[in-house]
Amino acid sequence: MNLGTGGRYLLGDGQKNDRQLHRTSRRVGMTGMIRAQARRIGMGLLAMPVTCGIAVAAAGVMVSGVWSRTQTLMVVNWLAQLMVIGSGVCVAVALTGDPLVEASESTPVGWRRVQATRFAFAAVSGLAGAVLMFAPLHVLGLWPQDMGWISLIAPAGAVLVVGAAGFTAAAWSASTRATVMAVVAVWMFLALLWDPYVLDPVAQRGIPLTVAVIVVGVAWRLLGDEERNVTLARRSI
């Protein structure tokens, strides 16, 4: 059927409007999903790594006025580990224990995007905590093995590596216990077996971060299996 020039213009305008409406609805849907996941995690949980980072920095400053520099650096070194493990536990709690996996899979968003959004929130919170912990201690010369601002990669990278372990464990098992155990295991490996012996900051975090990217990719593929996600969620209830 020949629609004529005017008909073709009307048809083209209609298709263009449909595409714009589809993009707008997707944008609104993603915005709503992001807000919903922020509410689901809760500001209290997201504030935990930030609070830990500020507390470690404050403790380091206070201790420096009483103890020697060597003692202060030792205290800061161990207190910084509390912020890292705190951010990992935040990831574990944020990604597990949700009974609405099947409902999420029935929406256009899907469970994979839900989990990725929650992980992003927790990771950003952990990175903010790492920056707020490192910056004042670095400026005051109270950060252990300080090599300049590049040393920020140590706590920030640890947060991301431990968080990636939590993301992968949650995708693999959907179990809070297993996810927390994976977070603690990776944290202990970094704190006790890796960091004390690999002192170059780039290698110290570059290698673990490379591995973290790989395992996050594996987790992303696992979360793409809708049937598996629903089955794991039912078992974990």
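Helices α3 and α5 run roughly antiparallel to each other, a label given to angles over 145 degrees, while angles under 35 degrees count as roughly parallel, 65 to 115 as roughly perpendicular and the rest as oblique. The contact between α3 and α5 is formed by V76, A80, M83, S87, C90, V91, A94 and L95 of α3 together with Q115, R118, F119, A122, G126, G129, A130, M133 and L137 of α5. Contact here means heavy atoms within 4.5 Å. The residues of this contact divide into 12 nonpolar, 4 polar and 1 charged. In this count Ala, Val, Leu, Ile, Met, Phe, Trp, Tyr, Cys and Pro are nonpolar, Asp, Glu, Lys and Arg are charged, and the others, Gly among them, are polar.

This is a predicted model, in which local features need pLDDT of at least 70 and side-chain atom pairs count only at pLDDT 80 or more, whereas totals for chains, interfaces and linings use all residues. Residues are numbered from 1 along each chain as its sequence is written, and side-chain values use heavy atoms, with hydrogens and water left out.

The protein has 9 helices and 0 strands; helices (H or I, at least four residues) and strands (E, at least two) are DSSP runs, numbered from the N terminus. Of its 237 residues, 39% count as buried, that is, under 20% relative accessible area, with exposed meaning over 50% and partly exposed in between (1.4 Å probe, protein chains only). Among contacts between residues at least 6 apart in sequence, 74% join residues at least 24 apart.

| Helix pair | Angle | Distance between axes |
|---|---|---|
| α3 and α5 | about 165 degrees | 9 Å |
| α3 and α7 | about 155 degrees | 9 Å |

The axes are lines fitted to C-alpha atoms, for helices over the stretch in contact, and the angles run from 0 to 180 degrees between N-to-C directions. α3 and α7 are therefore roughly antiparallel to each other. Their contact is made by W78, Q81, V84, I85, G88, V89 and A92 of α3 and T179, V180, V183, V184, W187, A191 and L192 of α7. By class, the residues of the contact of α3 with α7 are 11 nonpolar, 3 polar and no charged.

G86 also lies in helix α3, which covers residues 69-95. G86 is buried, with a relative accessible area of 10%. Its C-alpha is 5.9 Å from that of P49, although G86 and P49 are 37 residues apart in sequence.

The structure holds 0 disulfides, a disulfide being a pair of cysteine sulfur atoms within 2.5 Å. For C90, the closest cysteine sulfur is that of C52, 9.5 Å away and therefore too far for a bond. C90 is buried at 0% relative accessibility, whereas C52 is partly exposed, with a relative accessible area of 25%.

Q145 is not a glycine, yet has a positive phi of about 50 degrees. Q145 lies in the loop between α5 and α6 (153-173) and is exposed, at 59% relative accessibility. A174, also a residue other than glycine, has a positive phi near 60 degrees, and lies in the loop between α6 and α7 (176-194).
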